[in-house]
Amino acid sequence: MNIESLPKYYSPKSPKLNDSTPATGGDVLTTTDVMAAQGMVQAEAPLGFNLFLSKVGVQSPDKAVSGLVDEAMKISSQCRHIEDLEEEKKCVVIGIIARYAYADYSRSAASVRECDCCNGEGFIDAEVFTNKVQFPDGKPPAWAKCTKGVLPSYWEEWRSVREKARVLCPACKGKKILSNACRCHGRGRVVDEAMTREMRGVPVFKECDKCSGRGYSRLTFSTVKEALNAVWPELKRKIAYESVRPFYERIVSVCFEAESSAGSALRKVTR
Ligand SMILES: [Zn+2]
Ligand SMILES: [Zn+2]
């Protein structure tokens, strides 16, 4: 049984389900079988199992994140700048890294995130310029309209006025959420135009270079750095990108590796 088919066993409406993966021989696994298998996977690969269940929304991410913190603590020596922090600060920093690594891992093509431009409000405060007319010497007299060479506009003074206005958020167009799906629509693959031409129009696909086949956009490290700077103001840009970023990336990979070992543990016990 594949880990991807696990969530449906959490649906209360399905006491007995046929797992569609051919690797299991197409046999029917009862919920009891699955629960027993889960117990074994939980014991063998707890981190990956918790990560996966949180990612699909079956359980809250607390357990997964705290498991990730433990894992990150174990390998914190890989980043000298984190390792050199005093113990308490190090814990806070690693906690932040683990939460962001989890957030990055759990993004998928189907997921949406709160719009970061308007903080999920749909509108932003923007400065707009409006032209306002003033009449410093009073309104033009009635005769100005009919006297040759004298125009009512001589009494007008136009000024560009800067005003604060509530405008529709340009990033989410007022929808309050942004999709994490990449421009490849989460497929991870795009048409290779050059190869397709060479093949006389038979579509050839290649890995999407924007998301490297992941299908969704990554959380940017600048977001992580900003959060870190709140508790670690001395963290300079250069060190953040050259030393902390690789460590953060390592923790993101830990998530995927852990999920994949939970997956193989599950396949093993349900064989
Ligand atoms: Zn927005
Ligand atoms: Zn893509």
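A: In this predicted model, the side chains of R183 and D209 form a salt bridge, with their closest N and O atoms 3.0 Å apart. The term salt bridge denotes a side-chain nitrogen of Lys or Arg within 4 Å of a carboxyl oxygen of Asp or Glu. R183 lies in the loop between β6 (177-179) and β7 (189-191), and D209 in the loop between β8 (205-207) and α7 (221-231), so the bridge ties together parts that are 26 residues apart in sequence. Helices (H or I, at least four residues) and strands (E, at least two) are DSSP runs numbered from the N terminus. In general, side chains of opposite charge can pair when their charged atoms come close.

R183 and D209 are both exposed. Exposed means over 50% relative accessible area, buried under 20%, and partly exposed in between, with a 1.4 Å probe and protein chains only.

C182 is found in the loop between β6 and β7. With a relative accessible area of 8%, C182 is buried. C208 and C211 are buried as well. Donors are N, O and S atoms within 2.8 Å of the metal (3.2 Å for Na, K and Ca), and sites may look incomplete, as water is not among the atoms.

Leaving aside residues up to four places away in sequence, C182 touches C208, K210, C211, G215, Y216 and S217, where contact means heavy atoms within 4.5 Å. The C-alpha atoms of C182 and K210 are separated by 7.5 Å, although these residues are 28 residues apart along the chain.

The zinc ion (ligand 1) is coordinated by the SG atoms of C115, C118, C169 and C172 at 2.2 to 2.3 Å. The spacing of its donors along the chain is C-x2-C-x50-C-x2-C. Here the 4 donor atoms subtend angles of 104 to 113°, which makes the arrangement around the zinc ion (ligand 1) tetrahedral. Both C169 and C172 are buried.

The structure holds 19 salt bridges. One of them joins E259 and K55, with N and O 3.1 Å apart. This pair links distant parts of the chain, with E259 in helix α8 (residues 237-269) and K55 in helix α2 (residues 46-55), 204 residues apart. E259 counts as buried because its relative accessibility is 11%, and K55 counts as partly exposed because its value is 29%. Another salt bridge connects the side chains of K132 and E163, at 3.2 Å from N to O. K132 belongs to strand β4 (residues 123-134) and E163 to strand β5 (residues 157-168), 31 residues apart. Both partners are partly exposed, K132 at 37% relative accessibility and E163 at 31%.

Finally, the chain as a whole may be described. The protein chain has 8 helices and 8 strands. Its radius of gyration is 29 Å, well over the 18 Å that the globule rule gives for 271 residues, so the chain is more spread out than a compact globule. That radius is taken over C-alpha atoms, and the rule is 2.2 Å times the number of residues to the power 0.38. Along the principal axes, the C-alpha trace spans about 100 × 60 × 50 Å. Of the 271 residues, 34% count as buried.

Residues are numbered from 1 along each chain as its sequence is written, while chains are lettered from A and ligands numbered from 1 in the order in which they are written. Local features need pLDDT of at least 70, side-chain atom pairs count only at pLDDT 80 or more, and totals for chains, interfaces and linings use all residues, while side-chain values use heavy atoms, with hydrogens and water left out.

How values were computed:
Four donors count as tetrahedral if all angles lie between 85 and 135 degrees; four count as square planar and six as octahedral if opposite donors are over 155 degrees apart and all others between 65 and 115; anything else is irregular.
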